[in-house]
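Here's a quick briefing to read alongside your model. Have the sequence and the 3D view open as you go.

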Amino acid sequence: MPQFDPELLYVECGRCGRPVIWRPGDTTRILEAAGVDLSQLDEGCLLVTEGCPECSPEQKTYSSQVVRFNQPLEDRPKPPNP
Ligand SMILES: [Zn+2]
């Protein structure tokens, strides 16, 4: 069974909501720095970062967390009901 390539993980900025495009190899490096077990990742995962080069260019590093699509994103603000 081929291992999921962490470079294919979708990365989104949790601050501005933009998709984040790292340079090749950066996603793997960030995941390893965050202590994420790469063998547990699959295409149902999403990496959410605290800031990105677009909205937080002064930051050198961005903390991140892996979110699974099939789990409720409880941290996300919900749109107000009309
Ligand atoms: Zn951002």
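A residue is called buried if 20 or more other C-beta atoms lie within 10 Å of its own, exposed if 12 or fewer do, and partly exposed in between, with C-beta atoms placed from the backbone. This is a predicted model, so local features need pLDDT of at least 70 and side-chain atom pairs count only at pLDDT 80 or more, while totals for chains, interfaces and linings use all residues. Residues are numbered from 1 along each chain as its sequence is written.

**Ser56**
- Ser56 has 15 C-beta neighbours inside 10 Å, so it counts as partly exposed.
- You'll find Ser56 in the loop between S2 and S3 (strands are DSSP E runs of at least two residues, numbered from the N terminus).
- Beyond its neighbours within four places in sequence, Ser56 is in contact with Arg15 and Gly51 (contact means C-beta atoms, placed from the backbone, within 7 Å).
- Cys16 is 40 residues away from Ser56 along the chain, yet their C-alpha atoms are separated by 9.3 Å.

**The sheet**
- Three strands form an open sheet in the order S1-S2-S3, with mixed pairing (two strands pair if DSSP finds at least two bridges between them).
- S1 (10–13) and S3 (64–68) are the edge strands, each with a single partner, so one side of each has no neighbour in the sheet.
- S2 (residues 45–49) runs antiparallel to S3, paired over five bridges, and Cys45 has Arg68 in S3 as its bridge partner.

**The core**
- The largest nonpolar core has nine residues, including Leu9, Val11, Val20 and Tyr62 (such a core is a set of buried Ala, Val, Leu, Ile, Met, Phe, Trp, Tyr and Cys residues joined through C-beta atoms within 7 Å).
- S1 and S2 each supply at least two of this core's residues.

Definitions and conventions. Helix = DSSP H or I, 4+ residues; strand = E, 2+ residues; numbered from the N terminus. Contact = placed C-beta atoms within 7 Å.
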